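My entries follow in the order of the look-ups.

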Amino acid sequence: MIIHGDCIEELKKLSENSVDSCVTDPPAGINFMSKEWDSNKGGRDNWITWMSEVAKECLRVLKPGGHTFVWTIPRTSHWTATAWENAGFEIRDVVAHIFGSGFPKSTNLSKQIAKKTGIGLCTCIVPKPMIEL
C-alpha cells in the first residue's frame, strides 16, 4: 500500500503493529529549492526532534521484527540516523549511494578515456586456448 499525505497525520490513522515494513525518503532539512517542506525546522536540534516524532509513529505501526529503509542525503544523514535512534530504532546497516554531480549520463566512459589517453579499454578479454582439440 502506498499512502500519500502528511506522514504524521497519515501514520496516526494506522493501527499499532499493522505495517510489515516502511520505506521512506524524508525531507533532508536543506531548504531544497527554498521549499517549506524541506526546511530545517529552526536548526539541527529542532529538525532531529521533528524527525524523531515521525520515526516514533513509524515504530508504533511497525510489526515486531519489521524493518525500515530510510533514504537520506550524505549532508544530513547523521541528523536522520540520530533521530531514528532517538525514536527507538536500531541502525543495522547502511546502504551508500555514490553519485557524481554533473556526470554525463549518455557518455561511454571507455571511449572518453581512450580519446584522452590513446589507450583503448575493453570489458572482456577471452584468451586463445593453448591447445586446440
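**Helix α2**

I checked the length of α2 first: at 1.5 Å a residue, its 18 residues should span 26 Å, and the end C-alpha atoms are 26 Å apart, which agrees. The expected span here is 1.5 Å times one less than the number of residues in the helix. Helices (H or I, at least four residues) and strands (E, at least two) are DSSP runs, numbered from the N terminus.

I note that this is a predicted model, in which local features need pLDDT of at least 70 and side-chain atom pairs count only at pLDDT 80 or more, while totals for chains, interfaces and linings use all residues. Residues are numbered from 1 along each chain as its sequence is written, and side-chain values use heavy atoms, with hydrogens and water left out.

**Overall layout**

I listed the elements of the protein chain and got 4 helices and 2 strands. From the N terminus on, they run α-β-α-β-α-α. I then looked up burial, where buried means under 20% relative accessible area, exposed over 50%, and partly exposed in between (1.4 Å probe, protein chains only). Buried residues make up 20% of the 133 residues in the chain. For contacts I used heavy atoms within 4.5 Å. Among contacts with a separation of 6 or more, residues 24 or more positions apart account for 70%.

**Burial along α2**

Which residues of α2 are buried? I find W47, I48, M51, S52, V54, A55, E57, C58 and V61. Their cover includes α1 (7–12), β1 (19–24), β2 (62–70) and α3 (77–86).

I looked at E57, which lies in α2 (residues 44–61). E57 counts as buried because its relative accessibility is 14%. Not counting residues up to four places away in sequence, E57 touches L11 and K12.

M51 is buried, with a relative accessible area of 0%. Leaving aside neighbours within four places in sequence, M51 is in contact with P26, P27, A83 and W84. I also took the C-alpha separation of M51 and K41, which are 10 residues apart along the chain, and got 9.9 Å.

**The core**

I searched for nonpolar cores, meaning sets of buried Ala, Val, Leu, Ile, Met, Phe, Trp, Tyr and Cys residues joined through side-chain atoms within 4.5 Å. The largest has 16 residues, of which M51, C58, W84 and F89 touch the most other members. β1, α2 and α3 each supply at least two residues of this core. Its largest share, 7 residues, comes from α2. In soluble globular proteins, nonpolar side chains tend to be buried together.

**Helix α3**

Where do the buried residues of α3 lie around its axis? The buried residues are W79, T80, A83 and W84. They cover an arc of only 125° around the axis, so they are on the same side of α3. The arc is that of the directions from the helix axis to the C-beta atoms. What covers these residues includes β1, α2 and β2. Just after α3, I noted that G88 takes a positive phi of about 115°.

**Rings**

I searched the whole structure for aromatic pairs and found 3. Rings of Phe, Tyr and Trp (its six-membered ring) pair if their centres lie within 6.5 Å; planes under 30 degrees apart count as stacked, over 60 as edge-to-face and the rest as tilted. Ring pairs link W47, W50 and W79 into a cluster.

The charged end of K41 sits over the ring of W50, 4.5 Å from its centre. The test asks for NZ of Lys or CZ of Arg within 6 Å of the ring centre and within 35 degrees of the ring normal.

**Loops**

N17 lies in the loop between α1 and β1. I read its phi as near 55°, a positive value in a residue other than glycine. N17 is partly exposed, with a relative accessible area of 38%.

I ended with the loop between β2 and α3, where T76 is found. T76 is buried at 4% relative accessible area. Apart from neighbours within four places in sequence, T76 is in contact with A28 and I30. R75 has its place in the loop between β2 and α3, and R75 is exposed, with a relative accessible area of 58%.
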